[in-house]
Amino acid sequence: MSFAEITSTFRKELKSNMPQIRFFLKKNPGLAFTAINEIAKKVGKRYNIILSQNFPEIDKIQNSDSYGTENIGMVFQRDSRVFAIPRNLIKSKAIEIMGKADVQDAYMYEGKEGVRVLQENYRLDILPASLHIWGKFDDKITKFCDWLLINCYELKPGIGGALSDTNS
């Protein structure tokens, strides 16, 4: 499985449900939010992850063309506190793929670790248990997230993640 595969599946499901989502948007954006994230939950379940669509600004929900192309979160192993690979490897791969991004340690407290990748138009929060993309995906972000899913989260092509039973 890949980031590209998951997000493509999510976009297809959103597209097939767009008439209902648009109806909810007109009636009550909160209903649309619920419908979108129910679809995300179903898609995530196929891959044994928790998938969510985020709307960092309240008006973002009105832009239905952006659903599944930006601002998503993926939870893989809820209780993980440290990466399966060295954090420096994640940081060096981020620089290699992303280019002129600001790559820094993040969430480094209480025995936890994380990496944040920043550029003017996006932010990636990479944690041992989850990945959060804030901004629109481009080819570099997709390539890096594909690498993360295989190397950091140890998700092999065609195989779902390893969620613990505590998050069902």
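Strands E4 and E5 form a hairpin with two residues between them. Helices (H or I, at least four residues) and strands (E, at least two) are DSSP runs, numbered from the N terminus. The structure is a predicted model, in which local features need pLDDT of at least 70 and side-chain atom pairs count only at pLDDT 80 or more, while totals for chains, interfaces and linings use all residues. Residues are numbered from 1 along each chain as its sequence is written, and side-chain values use heavy atoms, with hydrogens and water left out.

The pairing of E4 with E5 is antiparallel and runs over five bridges; two strands pair if DSSP finds at least two bridges between them. Within this pair, Val115 is opposite Ile126 in E5. E5 and E6 also form a hairpin, with three residues between them. Five bridges join E5 to E6, and the two strands run antiparallel. Ile126 has Leu131 as its bridge partner in E6. E5 is mostly covered, with four of its five residues buried; buried means under 20% relative accessible area, exposed over 50%, and partly exposed in between (1.4 Å probe, protein chains only).

## The sheet

Strands of a sheet pair through backbone hydrogen bonds, either parallel or antiparallel. Here six strands form an open sheet in the order E1-E2-E6-E5-E4-E3, with antiparallel pairing. Strand E1 (50-53) and strand E3 (102-105) stand at the edges with a single partner strand each, so one side of each is left without a neighbour in the sheet. From one strand to the next, the twist averages 10°. Axes are lines fitted to C-alpha atoms, for helices over the stretch in contact, and angles run from 0 to 180 degrees between N-to-C directions.

Ile50 stands opposite Val75 in E2.

Contact means heavy atoms within 4.5 Å. Helix H5 (residues 139-151) lies across E2, E4, E5 and strand E6 (130-136), and runs at about 175° to E6.

Two packed helices are described by the angle between their axes and the distance between the axes. For H4 and H5, the angle is about 155° and the axes are 9 Å apart. H4 and H5 are therefore roughly antiparallel to each other; angles under 35 degrees count as roughly parallel, over 145 as roughly antiparallel, 65 to 115 as roughly perpendicular and the rest as oblique. The crossing of H4 past H5 is right-handed. A crossing is left-handed if the near helix is turned anticlockwise from the far one by less than a right angle, and right-handed if clockwise. From H4, the residues Leu89, Ile90, Lys93, Ala94, Ile97 and Met98 meet Lys140, Ile141, Lys143, Phe144, Trp147 and Leu148 in H5. By class, this contact of H4 with H5 has nine nonpolar, no polar and three charged residues. Ala, Val, Leu, Ile, Met, Phe, Trp, Tyr, Cys and Pro count as nonpolar, Asp, Glu, Lys and Arg as charged, and the others, Gly among them, as polar.

## Helices H2 and H3

The axes of helix H2 (residues 18-27) and helix H3 (residues 29-46) come within 6 Å and cross at roughly 150°. H2 and H3 are therefore roughly antiparallel to each other. In H2, Ile21, Phe24, Leu25 and Lys27 meet Pro29, Leu31, Ala32, Ala35, Ile36 and Ile39 in H3. The contact of H2 with H3 has, by class, nine nonpolar, no polar and one charged residues.

## Tyr67

Tyr67 is placed in the loop between E1 and E2. Tyr67 is buried, with a relative accessible area of 3%. Leaving aside neighbours within four places in sequence, Tyr67 is in contact with Arg11, Leu14, Met18, Ile21, Leu25, Ile36, Gln53, Phe55, Lys60 and Ile61. Tyr67 and Ile39 are 28 residues apart along the chain, and their C-alpha atoms are separated by 11 Å.

Glu110 is found in the loop between E3 and E4. Although not a glycine, Glu110 has a positive phi of about 50°. Glu110 is exposed, with a relative accessible area of 59%.

Glu154 is found in the segment after H5. Glu154 has a positive phi of about 55°, although this residue is not a glycine. With a relative accessible area of 49%, Glu154 is partly exposed.
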